[in-house]
Amino acid sequence: MLARYGIEIGARVGAGAGRGFDKSGADRMSGALIAACLWVLAATLVALLPMRWQFAPGLVLLVAAPGVIVWIGIAHGALVAVLGMAAFVSMFRNPLRYLWRRARGDAARLPLRARRE
């Protein structure tokens, strides 16, 4: 019914069009999206740690995120990369806010949870 209007179900649009299909025509997930999923799982596990143990793995995730987002942008286009950046900023809003204040020279306070532990 939608084909009559020029809409194909499962059609790919954007810079990544045509990628992600093997010879049988079945969809498969790109390496960039697999890396992003692993990054999200790692960030979730780090968030479950006590606050004093979160610093080192959180810093590694903070540094690795731009590379994963750029990889997603190359593989799937700018819109998907912008969505990935929004998810990253949402997950790391407090550390990014702290680093922004430190970079501006303002008095950067630690979150209340971090001061208690």
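**Exercise 1.** Which residues does Val46 touch, not counting residues up to four places away in sequence?

*Solution.* This is a predicted model in which local features need pLDDT of at least 70, side-chain atom pairs count only at pLDDT 80 or more, and totals for chains, interfaces and linings use all residues. Residues are numbered from 1 along each chain as its sequence is written, and side-chain values use heavy atoms, with hydrogens and water left out. Contact means heavy atoms within 4.5 Å. With neighbours up to four places away set aside, Val46 touches Gln54, Pro57, Gly58 and Leu61.

**Exercise 2.** Describe the largest nonpolar core.

*Solution.* A nonpolar core is a set of buried Ala, Val, Leu, Ile, Met, Phe, Trp, Tyr and Cys residues joined through side-chain atoms within 4.5 Å; buried means under 20% relative accessible area (1.4 Å probe, protein chains only). The largest such core has 10 residues, including Trp39, Val46, Leu61 and Phe88. Two or more residues each come from α1 (31-48), α2 (55-76) and α3 (78-91). The largest share, 4 residues, belongs to α2. Apart from this core lies another, of 5 residues, among them Ala36, Val68, Ile72 and Ala75.

Notes: Buried means under 20% relative accessible area, exposed over 50%, partly exposed in between (1.4 Å probe, protein chains only).
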